[in-house]
Amino acid sequence: MLNAFCCVAVSSSINYGKFAEMSAVPHTDIPNDVPVFAVDDLAFGYSDEVLFEEVRFRLRAGETLQLSGGSGTGKSTLLRVLARLLPHTVGSLQLRGTESNSIPAQQYRRKVAYLQQLPVMLPGSVRDNLLLSFEYTDDEPPSEGDLRTELQRVELEDVALEQPASELSIGQQQRIAVLRLLFMQPEVLLLDEPTASLDETSASALLSCVADLQRNSGLCMVHVTHQWRPGAPQPTWSGTLRRGTMEVERT
Amino acid sequence: MNGAIDIGYGQLLLSLLFVVLAGAASLKLRLGLERDLLWGTLRSVAQLALLAFVLVYVFRIEQWYLVVAIYLMMILFAATIIRGRIKRTNATYVLPTFLSMALSYVLISYVVVGVIVRADPWFLPMYFIPIGGMIIGNSMNAIAIALDRLFSDLLARRAQVELRLCLGATSREASHEIVREAVRAGMIPSINAMMGVGIVFIPGMMTGQILAGSDPIVAVKYQIMVMLMLVGSTALGSVLVVLLVRRRCFSADHRLILEERRD
């Protein structure tokens, strides 16, 4: 039923930036009807209780699922399951048609990137933090010039690469954290209330940056948030976790 | 060799005065330690008297496997003792702890007694058991410190570990720094001991040897060997333990599964 919807056109965007080449260009050799991210009958629970079950949704390139629900309904837990930081007890999690369990976790997490609710900066400079993922691959890290371009893209042109990351405001750190994830060229971005601890201005800045990056890349998103705000990624789907399951509808 | 001056049992009773002194202080200052003092005194006397009987028997053993078996039991006991000093988590570590302690301590005791001291035979209980005991006593502290640090850091810095995992690190890569710091924390006390020895304190073993009438030069040679052997066993033991136990803190698909126990 859900997979009857057509794919969002990605290549029609005019404003093709660096990230368009860097991240998530849909593979042409894969049939159109295979979604980027498919979740079927997913359940998670502890030994004595089920937190949620029968969660299902599909995301095609460029689509966003906005996820809401009262506190304690398991939104954050669901995202951690999607990031494979927690195991799902039942169901299937597919990335471009491949069952997640048959993809090594460290590769999977580079494709399904998870943004922690509070930005985590390791001791070191902004540059160290931006380039952290390159410690774990043989990929060539971006040049100095590229790093500066990317900082401008998230409106952090005033931030010096040598600056200790701990000196930045939470809002700035959160944007560094987003950039850091995007360097892995993910196909899905999982956002866990990324604006929860930000003031109004930083929240809008972060969300419009994310929306902008998505427009240029075809990145899929699962965005946990209480309410949509202007400038945020326009949700394709809206999901609500309630009474242990998720209801999804097209917006 | 003239040996130490023997202490008569009547004179030994005199040393009870020290406990009476401590008891008086406890009463006067209302420390409430009288019962513990009494119990502690009884236990020390009983345990040491028992040890004397056991040692007399143990020193007559002529089979290497019996000596090693006694040693392994001492190690097993140590492995369970450190349990009380480590943060309670869902990770089980007694078996890996015992295995790495057994492996490193037996190896080092063998080298010390058989290769350096050249006791004949290499398992000569009079050497093997006391030296082994010193190794256990010292490096079980190191192992307790290292494990406690490993667990505390993995829990306290969970967000950092998970950040690295989310950036494509394997569980080994994500915990590399924490493992390093845990092993360091375990090793530092025995390195500090190397700094202070002979200036800040005269180690018990050397004191004992000198009182027993050994040439101080011989006693010092033994002490040097002991200091170095303790650093080695501490290092080997805590590296092995931390590396083995780390595997139990993560799942096969690189998730941090360590949790604080809630009971």
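Start with chain A: select it and show its cartoon, which has seven helices and ten strands. Helices (H or I, at least four residues) and strands (E, at least two) are DSSP runs, numbered from the N terminus. This is a predicted model, in which local features need pLDDT of at least 70, side-chain atom pairs count only at pLDDT 80 or more, and totals for chains, interfaces and linings use all residues. Residues are numbered from 1 along each chain as its sequence is written, while chains are lettered from A and ligands numbered from 1 in the order in which they are written.

**Stop 1: confidence in chain A**

The mean for chain A is 85, and 87% of its residues reach 70 or more. Now select residues 1–28 of chain A. Here pLDDT stays under 50. The model still has 46 contacts beyond four places in sequence for this stretch. Two residues are in contact if their C-beta atoms, placed from the backbone, lie within 7 Å.

Select the whole chain again. Of its 251 residues, 43% are buried. A residue is buried if 20 or more other C-beta atoms lie within 10 Å of its own, exposed if 12 or fewer, and partly exposed in between, with C-beta atoms placed from the backbone. Take the contacts in chain A between residues at least 6 apart in sequence: 74% of them join residues at least 24 apart.

**Stop 2**

Two strands pair if DSSP finds at least two bridges between them.

Walk across the sheet:

- Strand 1 (residues 37–46) of chain A is joined to strand 2 (residues 49–59) by seven bridges. A hairpin through two residues links this pair. Pick A:Phe37; A:Leu59 stands opposite, in strand 2.
- Strand 1 of chain A also has five bridges to strand 4, again antiparallel. Pick A:Ala38; its bridge partner in strand 4 is A:Gln94.
- Strand 4 (residues 90–95) of chain A meets strand 5 through two bridges. A:Leu95 has A:Thr98 as its bridge partner. Two residues lie between these strands in a hairpin, and A:Arg96 in the turn has a positive phi of about 50°.

Show the side chains as you go. In a regular strand they alternate between the two faces of the sheet.

**Stop 3: the domains of chain B**

Move to chain B. Select 7–58 for domain 1 and 62–249 for domain 2. These bounds come from an automatic or database domain assignment. The C-alpha centres of the two domains lie 29 Å apart.

**Stop 4: where the chains touch**

Which chain gives 14 residues to the contact, and which gives 19? Chain B gives 14 and chain A gives 19. On the chain B side, select helix 7 (residues 158–166): this helix supplies the largest share, six residues. The chain B side divides into six nonpolar, four polar and four charged residues. Here Ala, Val, Leu, Ile, Met, Phe, Trp, Tyr, Cys and Pro count as nonpolar, Asp, Glu, Lys and Arg as charged, and the others, Gly among them, as polar.

**Stop 5: the largest nonpolar core**

A nonpolar core is a set of buried Ala, Val, Leu, Ile, Met, Phe, Trp, Tyr and Cys residues joined through C-beta atoms within 7 Å. The largest has 113 residues. Select A:Val188, A:Leu190, B:Ala146, B:Leu147 and B:Leu150, which touch the most other members. Then select helix 6 (residues 125–156) of chain B, which gives the most to this core, 15 residues. Center on B:Leu147. Leaving out residues up to four places away in sequence, B:Leu147 touches B:Ile86, B:Tyr93, B:Val241, B:Val242 and B:Val245.

**Stop 6**

Most residues other than glycine have a negative phi, and most peptide bonds are trans. Look for exceptions.

- Select B:Asp120 and B:Pro121: a cis peptide bond joins them, with omega about -5°. B:Pro121 is in the loop between helix 5 (94–116) and helix 6 of chain B.
- Select B:Arg30, which has a positive phi of about 50°. B:Arg30 lies in the loop between helix 2 (16–28) and helix 3 (34–58) of chain B.
- Select B:His254, with phi near 55°. B:His254 is in the segment after helix 10 (216–249) of chain B.

B:His254 counts as buried, with 22 C-beta neighbours inside 10 Å.

Notes:
pLDDT is the predictor's confidence in each residue, from 0 to 100.
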